Amino acid sequence: SPQLTTVGGLKGADIKLPGTMQADFRKQATQARIQLRKGQLSLTEAVEKVQTAAESAVGTLADLLRRYAESRISTMTSEKELLPELQRECFHQAANCETFIAWMQATHSTYRTAEAVSFFKSFFQTQLCLDYLGEVIAEGIPKRD
């Protein structure tokens with residue numbers, strides 16, 4: 001809806017995956033649709049092809065979050081001894097959207113556009129994103145005995 005805007009400033013029609021993810025997904029979805037129309041794929045096969053393309057895009061986002069979490073863990077564990085509260089403190093610092101955007105822009109030149117920044121500001125504040133970030137940090141910080 002043109003009346004709705006995400007926290008990153010995107011309007012409904014403006015929400016697109018950043019970098020080449022949107023074009024890659026659309027290309028694969030279009031190929032599946034064309035192959036379905038030509039009878040080269042069954043409906044189930046076409047759905048599986050589109051699902052695989054969507055999984056690839058989500059996997060790219062998850063990989064980006066994993067690398068960000070690993071960089072935050074590395075920073076935290078090199079600055080401090082391992083403390084019982086390290087995991088919570090690391091998540092608290094990593095969950096800062098501006099910290100994420102600064103890291104992303106410093107490490108991924110393809111995500112420096114205004115559209116990509118707006119997408120990631122919106123995406124980063126979703127519960128799914130923060131839950132996954134918390135899981136990666138929990139997995140990455142050694143447990144104390």
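Start at the N terminus and follow the chain: its elements run α-α-α-α-α-α. That is 6 helices and 0 strands, where helices (H or I, at least four residues) and strands (E, at least two) are DSSP runs numbered from the N terminus. You are looking at a predicted model, so local features need pLDDT of at least 70 and side-chain atom pairs count only at pLDDT 80 or more, while totals for chains, interfaces and linings use all residues. Residues are numbered from 1 along each chain as its sequence is written, and side-chain values use heavy atoms, with hydrogens and water left out.

**Stop 1: the whole chain.** Of the 145 residues in the chain, 28% are buried (under 20% relative accessible area, with exposed over 50% and partly exposed in between, using a 1.4 Å probe and protein chains only). Among contacts in the chain (heavy atoms within 4.5 Å) with a separation of 6 or more, 66% are between residues 24 or more positions apart.

**Stop 2: α3 and α6.** Two packed helices are described by the angle between their axes and the distance between the axes. Select residues 86-94 for α3 and residues 127-140 for α6: their axes come within 10 Å and cross at roughly 140°. Axes here are lines fitted to C-alpha atoms, for helices over the stretch in contact, and angles run from 0 to 180 degrees between N-to-C directions. Now show the side chains: Gln 87, Cys 90, Phe 91 and Ala 94 in α3 meet Leu 130, Leu 133, Gly 134, Ile 137 and Ala 138 in α6. These residues divide into 7 nonpolar, 2 polar and no charged (Ala, Val, Leu, Ile, Met, Phe, Trp, Tyr, Cys and Pro count as nonpolar, Asp, Glu, Lys and Arg as charged, and the others, Gly among them, as polar).

**Stop 3: α4 and α5.** Move on to α4 and α5, which pack at about 140° with their axes 10 Å apart. They are therefore oblique to each other. On the α4 side, select Cys 97, Glu 98, Phe 100, Ile 101, Met 104 and Gln 105; on the α5 side, Val 117, Phe 120, Lys 121 and Phe 124. This contact of α4 with α5 has 7 nonpolar, 1 polar and 2 charged residues.

**Stop 4: the rings.** How many aromatic pairs does the structure hold? There are 10, counting rings of Phe, Tyr and Trp (its six-membered ring) with centres within 6.5 Å; planes under 30 degrees apart are stacked, over 60 edge-to-face and the rest tilted. Zoom in on Phe 100 and Phe 120, an edge-to-face pair at 5.9 Å centre to centre with 65° between the planes. Phe 100 sits in α4 and Phe 120 in α5, 20 residues apart, and both are buried. To finish, select Tyr 68, Phe 100, Trp 103, Tyr 111, Phe 119, Phe 120, Phe 123 and Phe 124, which ring pairs link into a cluster.

How values were computed:
Parallel < 35°, antiparallel > 145°, perpendicular 65-115°, else oblique.
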